[in-house]
Amino acid sequence: MTEDDEDRADALFHALADRTRRDIMRRVLAGEHSVSVLAAKYDMSFAAVQKHVAVLERAGLLAKRRVGREQLASGDVQAVRSVASMLTELEQVWRGRIARIDELIASDHKED
């Protein structure tokens with residue numbers, strides 16, 4: 001991975017590290033929502049929800065557009081797929097290590 005890829009991974013995983021932001025992502029992946037409607041779903045201020053949305057937007061997980069006075073947020077499925085791809089890559093490394101441990105254990109038993 002390049003340095004830019006690593007920075008992108010940091011931003012994506014930071015954005016998804018928060019429970020509220022993951023919930024917002026579930027909502028905006030299901031359909032476009034206004035930020036004010038999203039804010040009404042949470043027991044926090046409108047400004048706090050706006051900050052969560054901004055973190056998700058900076059990470060590229062959602063996009064906002066303005067329609068009149070409302071800001072509408074929608075999830076970026078491709079960005080979520082990139083997160084899944086990163087996790088799959090890490091899983092493959094992990095599975096490779098487990099396979100190597102299994103090989104070492106098997107060869108150790110053959111020597112007995």
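Me: Why is Arg65 called partly exposed in this predicted model?
Reply: The relative accessibility of Arg65 is 44%. Partly exposed covers what lies between buried, under 20%, and exposed, over 50%. Arg65 therefore counts as partly exposed.

Me: What makes the contact between Glu32 and Arg65 a salt bridge?
Reply: The N to O distance between their side chains is 2.8 Å. The cut-off for a side-chain nitrogen of Lys or Arg and a carboxyl oxygen of Asp or Glu is within 4 Å, so the pair qualifies. Glu32 sits in the loop between α2 and β1, Arg65 in strand β2, and the two are 33 residues apart, so the pair links distant parts of the chain.

Me: Is Glu32 buried or exposed, or in between?
Reply: Glu32 has a relative accessible area of 38%, so it is partly exposed.

Me: How do you know that Lys64 and Glu57 form a salt bridge?
Reply: Their side chains meet at 3.5 Å, N to O, and the limit is within 4 Å, so the contact counts. Lys64 has 30% relative accessibility and Glu57 has a relative accessible area of 32%. With buried set at under 20% and exposed at over 50%, both are therefore partly exposed.

Me: What makes Arg95 and Glu91 a salt bridge, and where do they lie?
Reply: The closest N and O atoms of Arg95 and Glu91 are 2.8 Å apart, which meets the limit of within 4 Å. Both residues lie in helix α5, 4 residues apart, about one turn of the helix. In an α-helix there are 3.6 residues a turn, so residues three or four places apart point the same way.

Me: How many salt bridges does the structure hold?
Reply: The structure holds 6. Salt bridges also link Asp23, Arg26 and Arg27 in a network.

Me: How do you know that the buried residues of α2 line one face of the helix?
Reply: The buried residues of α2 are Thr20, Arg21, Ile24, Met25 and Val28. Viewed down the helix axis, they fall within an arc of 140 degrees, so they line one face. Arg19, Arg26 and Ala30 are exposed, on the face turned away from the buried side.

Me: What span is expected for helix α2, and what does the model show?
Reply: Helix α2 covers residues 19-30, and at 1.5 Å a residue the expected span is 16 Å. From first C-alpha to last, α2 reaches 17 Å, which is close to that value.

Me: Why is Ile101 called partly exposed?
Reply: Ile101 has 43% relative accessibility, so it falls between the limits of 20% and 50%.

Note on methods:
Residues numbered from 1 in each chain as written. Predicted model: local features only at pLDDT ≥ 70, side-chain atom pairs only at ≥ 80, totals over all residues. Heavy atoms only, no water. Expected span 1.5 Å × (residues − 1). Buried < 20%, exposed > 50% of the residue type's maximum accessible area, 1.4 Å probe, protein only. Arc of directions from axis to C-beta.
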